Amino acid sequence: MPVEGGSSSGSASAARHPKQKRKAHSLSIRRTNSTEERPPGILRGDMLEGQDSKLPHALRNNLLDLFGQIEREFENLYIENIELRREIDSLNERLTGDGQAIEGGDPTKGAQKAKASHSTSQLSQKLKTTYKASTSKIVSSFKTTAGSRALCQLLREYMGHRDGIWDLSVTRTQPVVLGTASADHSAQLWSIETGKCLLRYAGHAGSVNSIKFHPTEQMALTASGDQTAHIWRYMVQLPVPQPPPDVSALCDDDQDSSDREEGEVDGEGPCEVPTVRVATATLKSHQGVVIAADWLVGGRQVVTASWDRAANLYEVETSELVHTLTGHDQELTHCCTHSTQRLVVTSSRDTTFRLWDFRDPSIHSVNVFQGHTDTVTSAVFTVGDNVVSGSDDRTVKVWDLRNMRSPIATIRTDSAVNRISVSANQRIIALPHDNRQVRLFDMSGVRLARLPRSNRMGHRRMVCCTAWNEENQTCNLFTCGFDRQAIGWNINIPALLQEK
């Protein structure tokens with residue numbers, strides 16, 4: 001969670017709960033340099049003697065090592081299979097012996113032996129089930145890797161911030177650019193196609209915690225740890241697109257952790273670009289960190305959410321405070337507005353989110369929803385009549401605006417969920433996790449895919465936010481994290497839905 005004053009990576013990350021690494025797969029491939037299982041005198045290179053190959057010697061040795069580890073995994077499964085079959089055969093022999101004893105024994109003991117036989121048969125079935133499950137694990141892991149690569153391809157990496165990136169957003173007007181908000185006290189605008197930084201906003205005195213773009217004009221709204229929200233104008237010119245990088249060799253999806261050190265970033269540091277330092281309007285009414293802000297439909301008003309437990313509604317033209325929305329018992333974590341109606345949803349550390357209705361100017365109603373057991377990190381509207389909420393309790397819930405007594409779908413995950421987003425056209429939910437993963441689900445809670453992640457691809461620290469761009473018949477997903485970078489992905493929607 002962003003901290004007041006935009007502190008460094010170490011202090012900002014310390015403000016969040018301790019993160020847990022995803023448990024390694026029980027059959028995951030382990031790297032090793034051991035040669036103890038090879039026959040004496042046979043080295044890696046010698047195993048390919050006489051074969052015509054154009055692969056570099058080091059790469060060939062690495063492949064041999066990996067295939068050797070796979071062979072050992074299957075060998076272990078084979079040995080386990082043999083042992084299970086022996087136990088099954090032994091149980092079958094006992095069953096046969098029990099049947100013969102019943103034929104010539106005391107009739108009063110027949111029921112007891114029949115019951116024992118039934119229990120033994122159940123144990124035999126459990127052993128068979130265990131065997132089938134264990135042998136399918138390694139096969140399913142290979143299938144998941146191949147599927148993720150086909151459905152989600154790396155588009156571009158956006159690097160230049162000097163601290164973690166809390167939020168990102170895509171403009172809704174031409175030219176279409178990507179905006180990022182960082183703990184380094186700045187917001188930056190990027191060319192989606194080239195990855196080039198086009199403009200930098202440096203008007204805040206604290207961490208920039210969110211960024212949202214005006215629905216029709218070239219204006220941005222940023223919220224900051226300096227207890228203010230800024231509205232500022234921008235003008236950018238898109239550069240000539242460059243061909244995307246070849247990432248075919250960087251797709252080891254199931255490698256777990258990165259070997260890079262804390263704070264290490266590829267690139268040459270912050271980009272030298274035009275800088276805007278003065279805001280068009282400054283919104284000052286909060287007594288704590290402003291954690292998020294968004295435009296109401298039409299762009300004439302904005303709403304802000306703060307750690308002072310209140311949300312404020314402002315007039316854009318005059319910067320005047322119109323309403324203060326109170327009721328949450330703890331700090332707010334996020335706010336979101338509906339794209340076509342005057343509705344606002346705020347989320348909080350008090351485990352609730354609230355729906356504020358401004359459609360009737362004379363009556364401002366509020367509904368409180370208590371579906372989570374930990375901090376609600378975000379709640380967002382979809383194009384239809386739904387709200388999707390994510391929480392540190394590792395769940396995501398889908399709600400119907402017409403009947404929000406209970407969620408219509410619940411997604412359970414293995415890590416805390418941060419700022420989620422839902423695609424407008426296909427209504428696909430993108431979940432950024434504390435454990436560096438990004439998963440895609442449909443509105444009914446069915447898992448569709450997981451973005452690839454390895455030592456050289458994906459985020460190396462927690463993923464803070466996701467945002468969709470579905471312009472020009474393409475579907476791109478953007479993610480940002482505390483590793484100081486944003487990443488763009490091409491999502492193959494037809495293949496994704498076909499896999500479903």
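**Entry 1**

I looked up E331 and found it partly exposed, with a relative accessible area of 23%. The terms here are buried for under 20% relative accessible area, exposed for over 50%, and partly exposed in between, with a 1.4 Å probe and protein chains only. R349 is also partly exposed, at 31%.

E331 and R349 form a salt bridge, with the closest N and O atoms 3.9 Å apart. A salt bridge is a side-chain nitrogen of Lys or Arg within 4 Å of a carboxyl oxygen of Asp or Glu. E331 lies in the loop between strand 14 and strand 15 (332–337) and R349 in the loop between strand 16 and strand 17, so the pair ties together parts that are 18 residues apart in sequence. Strands (E, at least two residues) and helices (H or I, at least four) are DSSP runs, numbered from the N terminus.

I noted the ground rules: this is a predicted model, local features need pLDDT of at least 70, side-chain atom pairs count only at pLDDT 80 or more, and totals for chains, interfaces and linings use all residues. Residues are numbered from 1 along each chain as its sequence is written, and side-chain values use heavy atoms, with hydrogens and water left out.

How many salt bridges does the count come to? The count comes to 7.

I looked up D167 and K212, which form a salt bridge with the closest N and O atoms 3.6 Å apart. D167 sits in strand 2 (residues 165–170) and K212 in strand 6 (residues 208–213), so the pair ties together parts that are 45 residues apart in sequence. Are D167 and K212 buried or exposed? D167 is buried, and K212 is buried too. A network of salt bridges links D167, K212 and R419.

Next I looked up R233 and E217, whose side chains meet in a salt bridge of 3.3 Å, N to O. R233 is in strand 8 (residues 229–233) and E217 is in the loop between strand 6 and strand 7 (219–224), so this pair ties together parts that are 16 residues apart in sequence. R233 is partly exposed at 46%, and E217 counts as partly exposed at 34%.

I followed 4 strands that form an open sheet in the order 11-12-13-14, with antiparallel pairing. Strand 11 (290–295) and strand 14 (321–325) are the edge strands, each pairing on one side only. The twist averages 20° from one strand to the next. For this angle, axes are lines fitted to C-alpha atoms (for helices over the stretch in contact), and angles run from 0 to 180 degrees between N-to-C directions.

Two strands pair if DSSP finds at least two bridges between them. Strand 13 (residues 311–315) is joined to strand 14 by 4 bridges. Which residue stands opposite N312? I found T324, in strand 14.

**Entry 1: the largest core and strand 19**

A nonpolar core is a set of buried Ala, Val, Leu, Ile, Met, Phe, Trp, Tyr and Cys residues joined through side-chain atoms within 4.5 Å. The largest one has 25 residues, of which F353, F381, V387, V388, M404, I429 and L431 touch the most other members. Strand 19 gives the largest share of this core, 4 residues. Apart from this core lies another, of 21 residues, among them V170, C464, A467 and C480.

I then checked strand 19 itself: 6 of its 6 residues are buried, so it is largely enclosed by the rest of the structure. Strand 19 and strand 20 form a hairpin with 4 residues between them. They run antiparallel and are joined by 5 bridges, and S378 stands opposite G390 in strand 20.

**Entry 2: a pocket**

I looked up the second largest pocket. A pocket is found on a 1 Å grid over the protein atoms alone, as an open set of points with protein on both sides within 12 Å along at least five of seven lines; lining residues have an atom within 4 Å of a point. Its lining has 37 residues, of which R172, K212, V422, A424 and W468 lie nearest its centre. Strand 27 gives the most to this lining, with 5 residues.

Notes
On a 1 Å grid over the protein atoms alone, a cavity is a set of points where a 1.4 Å probe fits but cannot get out, and a pocket is an open set with protein on both sides within 12 Å along at least five of seven lines; lining residues have an atom within 4 Å of a point.
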